[in-house]
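Let's take a walk through this model together. Keep the 3D view open while you read, and look up each residue as it comes along.

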Amino acid sequence: MSKIHVTTTINGDPVDYLCDAGESLLDVLRDRLGMTGSKEGCGTGDCGACSVTVDGRLVCSCLMLGAEAEGREIATIEGMADGETLHPLQRKFIEHAALQCGICTPGILVAAQSLLERNPDPTEEETRYWLAGNLCRCTGYDKIIRAVLDAAKEMREAP
Amino acid sequence: MQYHAPTSIDDALRLLAAKDGNCQILAGGTDLLVRLHSETGDDPESILDIKRIDELRAITPEAGGWRIGAAVSGAEMGEHAGLVADWPGVVEAMNLIGSTQIQGRATLAGNLCNASPAADSVPAMVAAGAMARIAGPEGARDIPVAEVPTAPGRTSLGKAEFITSIHLPARPEGGGDAYLRFIPRSEMDIAVVGCGVALTLDEAGICNAARVSLGAVGPVVMLVEAGAEALIGTAVDDAALDALASVCSDAASPIDDKRGTVAFRTHVAGVLARRAASIARTRAGGAS
Ligand SMILES: Cc1cc2nc3c(=O)[nH]c(=O)nc-3n(C[C@H](O)[C@H](O)[C@H](O)COP(=O)(O)OP(=O)(O)OC[C@H]3O[C@@H](n4cnc5c(N)ncnc54)[C@H](O)[C@@H]3O)c2cc1C
């Protein structure tokens, strides 16, 4: 079976790869490109651990084919920090201890960043609804929500 | 398996005809990819991605209403101020589907063609009188949305046909719509019962047209004619809402499953109809 050649942009860099027709973008990221930050929790769109953005839109990379990425702009957790400098969301997650095992964290960070891009000053309720598709089985969510709201505040106040 | 991403409806139709039925349309993929990954072993020979067809990606005004392309996501519908103003119930129903991530991909036509009895947008579209535009070898045809699903997981579409858009009619003067569903949690669950209501009030506040639909209480969405009769000619007051609730409970013919019993679903069908009708009445400009 011949593979599909895909040319796309990931975290601002041009990337090309070969994939099978039925292969998910998540499998391409992890198994072909070695970008293992995005996680597979469920593979059915319920847990959000594989969240990435495609042309600025938050999606589950397990529910998208690698072949669909042709010509699109993909952003993953690997593009979040600026070199050694963590994104405010990442820093606040550490400060608030908003993670334990860490499997859900990349997806939650990508989802939270996408929220703050649209709404720099979300309410707690808006934040909880926006992140309803990101499951965490360790923290009970409270610290996650506090970290996101605190990061939002810091980012709003940044000069 | 093969992946095709044609850029025109004609190319898509040619591909569908050539594949003779062993080709699945891919819109948002939020149902299809879950199925593909479920290892049932009955994967299609090809996947036809319709998202590269430009004309399927737009929401355009038409005949006073809106034409929504089959590749438009729920998130895009929620961001469209004109559509939200005219058909808030349809948009809310669509936006109830899944999470933010699912909204980034899921489509109205995908929700319809997946033909789940519990599909959230379908009762709202049926109440609104939406029409599906179907492209096929013999050209395009328009059919009421309610005629698309025929049984759980089945549609009336031919093998070489697909939906290119959904048309919502002009919102009538004095019109309002609403959709409500019951789920055991506040997010991320499948409807135990869903109810759509669209109604119109005259200048005196009397209902002169209504459509009431129920989801998840039968194998396919149902249009409850008796529900419309309970509302028309009334001020959609408590007596009318009581009558509506009672005919909707009577119309429901649900199954028992892990998400709800027959008795519960039957009761909730009436409760949701009453609540959805009062929201629709308020939106139509009536007393709230
Ligand atoms: C985590 C999660 C939560 C969900 N929650 C809900 C929910 O709350 N309520 C709900 O109703 N659904 C829910 N769903 C199901 C799903 O998201 C919806 O049914 C969605 O609207 C499907 O649209 P899609 O564009 O992703 O369809 P796809 O997966 O692309 O397609 C679905 C089916 O329809 C066919 N199809 C798609 N487009 C067309 C077309 N234009 N013409 C002909 N056939 C077509 C496909 O071949 C396939 O068989 C959920 C799914 C997930 C993964």
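## Salt bridges and the places where parts meet

Let's begin with A:Arg32, which is partly exposed, with a relative accessible area of 36%. One thing to keep in mind from here on is that this is a predicted model. The side chain of A:Arg32 meets that of A:Glu23 in a salt bridge, 2.7 Å from N to O. A:Glu23 has a relative accessible area of 12%, and it counts as buried because the cut-off for that is under 20%.

How many salt bridges are there over all chains? By the rule used here, the count comes to 27. Another one to look up is A:Lys3 with A:Asp20, where the closest N and O atoms are 2.8 Å apart. A:Lys3 sits in the segment before strand 1 (4-10) of chain A, and A:Asp20 sits in the loop between strand 2 (13-19) and helix 1 (25-32) of chain A, so this pair ties together parts that are 17 residues apart in sequence.

| Salt bridge | N to O distance |
|---|---|
| A:Lys3 and A:Asp20 | 2.8 Å |
| A:Arg32 and A:Glu23 | 2.7 Å |
| B:Arg181 and B:Asp120 | 2.7 Å |
| A:Glu68 and B:Arg105 | 2.8 Å |

### Where chain A meets chain B

Now zoom out to the two chains. On one side, 31 residues of chain A are in contact with 27 residues of chain B. Between them the chains bury about 2,200 Å², with 58% of that on carbon and sulfur atoms. Which residues of chain A lose the most area to chain B? They are A:Arg57, A:Leu63 and A:Glu68, and together they make up 28% of what that side buries.

A:Glu68 turns up again in a salt bridge, this time with B:Arg105 at 2.8 Å from N to O.

On the side of chain A that touches chain B, the elements giving two or more residues are strand 4 (57-60), helix 3 (105-118) and helix 4 (124-130) of chain A. Strand 4 of chain A gives the most, with four residues. What kinds of residues make up that side of chain A? They divide into 16 nonpolar, nine polar and six charged.

The contact takes 24 residues from domain 1 of chain B and 22 residues from domain 2 of chain B. These domains bury about 1,800 Å² between them, 61% of it on carbon and sulfur atoms.

Between the two domains of chain B the count is two salt bridges. One to find is B:Asp120 with B:Arg181, where the closest N and O atoms are 2.7 Å apart. Are B:Arg181 and B:Asp120 buried or exposed? Both are buried.

There are also 10 residue pairs in polar contact between domain 1 and domain 2 of chain B, with both residues at pLDDT 80 or more. On the side of domain 1 of chain B that touches domain 2, helix 5 (88-95), helix 8 and strand 8 (149-151) of chain B each supply at least two residues. Helix 8 of chain B gives the most to that side, with six residues. The residues on that side of domain 1 of chain B divide into 16 nonpolar, five polar and three charged.

### Two alanines with positive phi

Finally, look at the backbone. A:Ala97 has a phi near 50°, a positive value in a residue other than glycine. A:Ala97 is in the loop between helix 2 (88-95) and helix 3 of chain A, and at 36% relative accessibility A:Ala97 counts as partly exposed.

B:Ala216 also is not a glycine, yet has a positive phi of about 70°. B:Ala216 lies in the loop between strand 13 (207-215) and strand 14 (222-223) of chain B, and at 10% relative accessibility B:Ala216 counts as buried.

Note on methods:
Residues are numbered from 1 along each chain as its sequence is written. Chains are lettered from A and ligands numbered from 1 in the order in which they are written. Side-chain values use heavy atoms; hydrogens and water are left out. Contact means heavy atoms within 4.5 Å. Buried area is the accessible area (1.4 Å probe) that two parts lose on being put together, summed over both. A salt bridge is a side-chain nitrogen of Lys or Arg within 4 Å of a carboxyl oxygen of Asp or Glu. Ala, Val, Leu, Ile, Met, Phe, Trp, Tyr, Cys and Pro count as nonpolar, Asp, Glu, Lys and Arg as charged, and the others, Gly among them, as polar. Buried means under 20% relative accessible area, exposed over 50%, partly exposed in between (1.4 Å probe, protein chains only). A polar contact is a pair of N or O atoms within 3.5 Å; within protein, one must be able to donate a hydrogen and the other to accept it, and residues adjacent in sequence count only if both atoms are side-chain atoms.
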